[in-house]
Amino acid sequence: MGASLSNLTEGANGSGLGPGLGDIPENCVACVFMYLTPPEICNLARLNRAFRGAASSDAVWESKLPPNYHGLLDLLPPERYQNLSKKDIFALLSRPVPYDDANKVLWLDRVTGRVCMSISAKAMAITGIEDRRYWNWIPTEESRFHVVAYLQQIWWYEVDGVVKFPFPADIYTLSFRLHIGRFAKRLGRRVCNFEHTHGWDIKPVRFELWTPDGQQASYECCLDQIEHDDAYGSHKRGCWVDYKVGEFIVTDADPVTEVRFSMKQIDCTHSKGGLCVDSVFIIPSNLKERKRKGVLK
């Protein structure tokens, strides 16, 4: 069987024993590649010259790029993408593309080519953020933005943000990435300090999103509530947790989509503290389950 498979791959030109994959015209291979994912295309490109040529076809890779990829390229200096093939453009956009003073990052999912986005806490309006009695900015490698906002103590808690972007047509999920407690590294080990952690088990935090065309979603939960959770064990303290706010739909008719989002706990009968705010993720909804608990690569 091994000899037969080798003959099929090499084809008439390689073994002289009959037609094989090497005899398939490159344009036919390219048509097949239209239906495959980028990782599958890259794997098959190693088979022979025809597959390798088809795997570099602009027509193949243009079909993997979002319809508005030219607008995504506008976020980069022209010299970074001029004269690039469509394959190289896909590779460029599948890596993080920072913009808005590097407070927002977008990238293409490497399997589907769909647009994902992350928004730093630095790009949000946070109550009392300038007062070091309440908040501090903590440098960390656990955030793609290399810094998170840490709340020591406050009575009125509110975080608001807005994004305006030409998202391709899709259904998107918006989530806040939060961490109960302050974390650090000591002697190479990750440790968490819960000295300031209080108040998150008394009243729920309210998460919201809304768009100008009337789409709305909301979610409420106590951030420090002890409950069984298969993803994070019996307690969410010490873990980065994604809190799903809801979904919004973008249609082909939307040239630019505006999404506003917030999280708040404005019951002033008690103070709260000991919370890290990293970012907001906007990801196509059926890709959400592929997101790991750590930083999404």
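Predicted model: local features only at pLDDT ≥ 70, side-chain atom pairs only at ≥ 80, totals over all residues.
## Ground rules and overall build

Buried here means under 20% relative accessible area, exposed means over 50%, and partly exposed is what falls in between.

As for the fold, the chain has seven helices and 15 strands. Of its 297 residues, 46% count as buried. Take the contacts between residues at least 6 apart in sequence, and 66% of them join residues at least 24 apart.

## The cores

In soluble globular proteins, nonpolar side chains tend to be buried together. Which residues touch the most other members of the largest nonpolar core? They are Leu 93, Tyr 157, Phe 176, Phe 207, Leu 223 and Ile 282, out of 64 residues in that core.

Let's zoom in on Tyr 157. Leaving out residues up to four places away in sequence, Tyr 157 touches Trp 135, Leu 151, Trp 200, Met 263, Lys 264, Gln 265, Ile 266, Lys 272, Leu 275 and Val 277. There's also a second core, separate and made of seven residues, with Val 105, Trp 107, Cys 116 and Phe 145 among them.

## Aromatic pairs

A pair of aromatic rings is described by the distance of the centres and the angle of the planes. The structure holds 15 such aromatic pairs. One of them puts Trp 135 with Tyr 157, stacked, with 6.0 Å from centre to centre and 25 degrees between the planes. Trp 135 belongs to strand β5 (residues 135–139) and Tyr 157 to strand β7 (residues 157–165), so this pair ties together parts that are 22 residues apart in sequence. Trp 135 is buried, with a relative accessible area of 1%, and Tyr 157 counts as buried at 1% relative accessibility.

Phe 207 and Tyr 219 form another stacked pair, at 6.1 Å centre to centre and 25 degrees between the planes. Here Phe 207 sits in strand β11 (residues 205–210) and Tyr 219 in strand β12 (residues 216–221), so the parts being tied together are twelve residues apart in sequence.

Tyr 99, Phe 165, Phe 167, Tyr 172 and Phe 248 make up one aromatic cluster.

Rings also turn up with charges over them. Lys 122 lies over the face of Trp 137, 4.3 Å from the ring centre. For Arg 237, the charged end sits over the ring of Phe 194, at 5.1 Å from its centre.

A disulfide is a covalent bond between the sulfur atoms of two cysteines. Cys 221 counts as buried at 11% relative accessibility, and Cys 222 counts as buried at 18%.

## Buried polar residues in loops

Asn 48 has its place in the loop between α3 (38–44) and α4 (49–54). At 12% relative accessibility, Asn 48 counts as buried. A polar atom of the Asn 48 side chain lies 3.1 Å from the backbone nitrogen of Ala 50, and the backbone nitrogen of Phe 51 lies 2.9 Å from a polar atom of that side chain.

Thr 211 is in the loop between β11 and β12. Its relative accessible area is 7%, so Thr 211 is buried. The side chains of Thr 211 and Asp 213 are joined by a polar contact of 2.3 Å. Not counting residues up to four places away in sequence, Thr 211 touches Phe 248, Glu 258 and Val 259.

## Positive phi in loops

Asn 83 isn't a glycine, yet its phi is positive, near 70 degrees. Asn 83 lies in the loop between α6 (69–73) and α7 (86–93), and at 82% relative accessible area Asn 83 is exposed.

His 146 isn't a glycine either, and its phi is positive at about 65 degrees. His 146 is found in the loop between β5 and β6 (147–151), and His 146 is exposed, with a relative accessible area of 55%.

Conventions:
Residues numbered from 1 in each chain as written. Heavy atoms only, no water. Core = buried A, V, L, I, M, F, W, Y, C linked by side-chain atoms within 4.5 Å. Buried < 20%, exposed > 50% of the residue type's maximum accessible area, 1.4 Å probe, protein only. Contact = heavy atoms within 4.5 Å. Helix = DSSP H or I, 4+ residues; strand = E, 2+ residues; numbered from the N terminus. Polar contact = N/O pair within 3.5 Å; in protein donor to acceptor, adjacent residues only side chain to side chain. Phe/Tyr/Trp six-rings, centres within 6.5 Å; stacked < 30°, edge-to-face > 60°. Lys NZ or Arg CZ within 6 Å of the ring centre and 35° of its normal.
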